[in-house]
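Reader: Hi! Could you walk me through this one? I'd like to start with the pockets.

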Amino acid sequence: MTLTQLRYIVAIAEAGLNITMAAENVYATQSGISKQLKQLEGELGFQVFTRRGKSLDSITPAGAQVLERARIILNESHNIRALAANLRAESRGELALATTHTQARFVLPEPIARLKKQYPDLSVHIRPQGESRVISLFESGEVDLAIVSTSGAQPEGGIAVPLYRWRRRAVVPRGHALAKLKRPLRLADLADLPLVSYESSLQPESSLRRAFAAVGLEPNIACTSADADLIKTYVLAGLGVGILAEMALGDADARELVVLDIDTLLPECISWLVLRRDRVLRSYVAQLARLVAPQLDESELRRVVAGHAAPSWPKAPLWRESGSRGRRAAAVHAA
């Protein structure tokens, strides 16, 4: 029995018993995987998968037990390699990260650029997705970590580390009636108008919908997108009032858009870093966390991930509070 054989049967299971897809996922040939599967089943004395013709049909009860232990073994082999790399102070590695388009576009470029200067041999793979898909990729093991935002409970499925708090902003083209109001904006003002927002706003449990429902109103979601730049584009095209994250607004946007304060209308959001409980924390992951959220203590982060301490994170600061973030937010908000 070899680690390669165990890796192949796990890949087959995760590919929905599609050997062709499994081979692509582990950079092997279909014939190679089939041969290794046959050898492993011969050694075990039973089938891991049932067959229907030339195709795999299902996982056998015995196979399910083997797969459970195979995943543990493969994870621990990964941990041994990660531990050794940390002890050697090795800078080489691969980091797969799932996050939203907004975080990938407006938050991560500077931290990742700084990380690459410290770890020039590190290969970073960023997978921008919708909110729900981010956690799905993390739970399936397709990425090493996730950065996702919530306005309520922390995300599940791993160790959730609070990075920063942020607010949403309403944006309208210059000359729009809302830009001329001489009083604070109300939800009733927005309820009368079409809104352009994130895809998550379509979900019944979205914080935007819950905020409107709390005052007996229903939002009119005219257009949605996972991409904040597209939201701004469609706002300028006249489709409605944009609702988007404050970090998605830069100095250039002030030339065509007016930013409206809706701090009191919609709940505050928190961006979280989600890490695996069963993985040795690579040094570059800990450093990325510190680059995004300087208030975090790296040694404490390591203790929590290793299971040696219960989480006791410092309160996440507001996005606009620190350094260039604060100057950028103040400039846009004042425009």
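**Pockets and a few residues**

Author: The lining of the largest pocket divides into 20 nonpolar, nine polar and 15 charged residues. Here Ala, Val, Leu, Ile, Met, Phe, Trp, Tyr, Cys and Pro count as nonpolar, Asp, Glu, Lys and Arg as charged, and the others, Gly among them, as polar. This is a predicted model, where local features need pLDDT of at least 70, side-chain atom pairs count only at pLDDT 80 or more, and totals for chains, interfaces and linings use all residues. Residues are numbered from 1 along each chain as its sequence is written, and side-chain values use heavy atoms, with hydrogens and water left out.

Reader: Thanks! Which residues lie nearest the centre of the largest pocket?

Author: His78, Gly141, Glu142, Asp144 and Arg279, out of 44 lining residues. A pocket is an open set of points on a 1 Å grid over the protein atoms alone, where a 1.4 Å probe fits, with protein on both sides within 12 Å along at least five of seven lines; lining residues have an atom within 4 Å of a point.

Reader: And which element gives the most to that lining?

Author: H4, with nine residues. Helices (H or I, at least four residues) and strands (E, at least two) are DSSP runs, numbered from the N terminus.

Reader: What about the second largest pocket: which residues are nearest its centre?

Author: Glu131, Ser132, Ser149, Thr150 and Ser200, with 35 residues in the lining. By class, that lining has 11 nonpolar, 17 polar and seven charged residues. H7 gives the most to it, with four residues.

Reader: Changing topic: is threonine 102 buried or exposed?

Author: Threonine 102 is buried, at 5% relative accessibility. Buried means under 20% relative accessible area, exposed over 50%, and partly exposed in between (1.4 Å probe, protein chains only). Threonine 102 sits in helix H5, residues 101-107.

Reader: What is it in contact with?

Author: Beyond neighbours within four places in sequence, threonine 102 is in contact with Val107, Tyr198, Ala228, Ala245, Met247 and Ala248. Contact means heavy atoms within 4.5 Å.

Reader: Nice. One more: what is phi for leucine 17?

Author: About 70 degrees, a positive value although leucine 17 is not a glycine. Most residues other than glycine have a negative phi. Leucine 17 lies in the loop between helix H1 (3-14) and helix H2 (19-25), and is buried at 15% relative accessible area.

Reader: And tyrosine 27, buried or exposed?

Author: Tyrosine 27 is exposed, at 77% relative accessibility. Its phi is also positive, near 55 degrees.
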